[in-house]
Amino acid sequence: MTLILNRNDVMSVLKMKDCIDVVEKAFTELANGTAVLPLRTNITPPDGLSLYMPAYLKEMKALACKIVTVYKNNPKNYNLPVVIGKVMLQDPDTGDVICIMDGGYLTAVRTGAASGVATKYIARESDGQIAGIFGTGVQAQMQLLAVAEVRKLSKALIYDISNEAALKFINDLQGKVDFEIIKVLSPDEVLEADIICTATSSPTPIFNGQKVKKGTHINGIGSHTPNARELDSDIILRSKFIGDSKEGCFSEAGDIMIPLKEGIIDESHFFAELGEVITGKKEGRANDTEITIFKSNGLAIQDTASAKLIYDRAVEAGVGTEVKI
Ligand SMILES: NC(=O)c1ccc[n+]([C@@H]2O[C@H](COP(=O)([O-])OP(=O)(O)OC[C@H]3O[C@@H](n4cnc5c(N)ncnc54)[C@H](O)[C@@H]3O)[C@@H](O)[C@H]2O)c1
């Protein structure tokens, strides 16, 4: 039998705290060599882009593939979203697909979870820190919830070029956190924050890297193509750079690829992969004054670990619909 989980099913069983735990384990497996993570396969049919993201986590006994499509004309022509994602989870012992689940909410939570893990290991440890969030879409919401799981925050400063989006963010989240969320009117005002998340759709830098204060930790998750970046060359140069994967950062992340091309940094500026920091193979933050960056492009190991978690929780709770295919 194959279990079918729709978005509501996934939302009912997936909790950020649990997702942070399994995503941390997934990055650990990547660093320890027990994860299989082939490069993402891209196919471009005439009207869109189809991405296949498989991964296997041996210790976690998790095997899955996420299919994400980006079809710009979907809303106009078919009343469907631009981005659609579904995950197929397999039984590693038999290979059979045991669950097909919606991948939209999963993607947002697992992306938040990676920043949660990075913040846990790399940001300064003190309580009462201020979070700063650039962008206020669904990804940004999960960034704040993840950071709030691993650090006790005093407030959050949010900035979006869309006032409407920022107001919706406050409306959606203010009741879910125990600190104030404040909408600010300029990027500079966000830079008061100790922990910054960039989760925008901007292809060009969104703040002045010279103005970031010492000791700040930044999770950069928005841009993920070679020619797009949210972070300018100044902030890359001033920071210790940790990425989700070295290969991903040097093939997808304009944030590091553009300053590299400009000759402002060389490849050695890439300090470590997140898994290397978690496992102690490389040092994380060295002191309270250095600026740290975690650059996330999104890895299939995050999807696979999260899909296994969702499936296990759904089975426990009796959620979803079983079908014989
Ligand atoms: N790293 C990952 O694993 C991962 C996973 C999923 C999505 N993403 C990326 O995250 C980004 C955000 O996704 P989303 O679904 O929340 O998108 P969204 O379109 O819902 O939200 C993006 C927000 O950014 C705002 N914005 C654009 N330019 C800005 C600027 N200069 N300053 C401040 N705000 C600005 C927009 O007004 C919008 O509200 C996208 O680029 C997406 O591709 C990354």
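Domain bounds, as used here, come from an automatic or database domain assignment. On that basis, the centres of domain 1 and domain 2, taken over C-alpha atoms, are separated by 24 Å. The model is predicted.

**Domain arrangement**

- The protein chain is divided into domain 1, comprising 2-107 + 301-323, and domain 2, comprising 124-299.
- Between the two, 12 residues of domain 1 are in contact with 13 residues of domain 2.
- On the side of domain 1 that touches domain 2, the elements giving two or more residues are α2 (16-32) and α12 (300-317).
- Helix α2 gives the most to that side, with nine residues.
- By class, the side of domain 1 that touches domain 2 has seven nonpolar, three polar and two charged residues.

**The sheet**

- An open sheet is formed by eight strands, ordered β10-β9-β8-β11-β12-β15-β13-β14, with parallel pairing.
- Strands β10 (180-183) and β14 (270-273) are the edge strands, and each pairs on one side only.
- From one strand to the next, the twist averages 20 degrees.
- Strand β8 (residues 129-134) pairs with strand β11 (residues 195-198) in the parallel sense over four bridges.
- Ile196 in β11 is the bridge partner of Gly132.

**Helices lying across the strands**

- Helix α4 (residues 104-122) lies across β11, β12 (217-220), β13 (239-243) and β15 (291-295), and runs at about 160 degrees to β12.
- Helix α6 (residues 163-173) lies across β9 (153-159) and β10, and runs at about 175 degrees to β10.

Conventions
Residues are numbered from 1 along each chain as its sequence is written. This is a predicted model: local features need pLDDT of at least 70, side-chain atom pairs count only at pLDDT 80 or more; totals for chains, interfaces and linings use all residues. Two strands pair if DSSP finds at least two bridges between them. Axes are lines fitted to C-alpha atoms, for helices over the stretch in contact, and angles run from 0 to 180 degrees between N-to-C directions. Two residues are in contact if their C-beta atoms, placed from the backbone, lie within 7 Å. Ala, Val, Leu, Ile, Met, Phe, Trp, Tyr, Cys and Pro count as nonpolar, Asp, Glu, Lys and Arg as charged, and the others, Gly among them, as polar.
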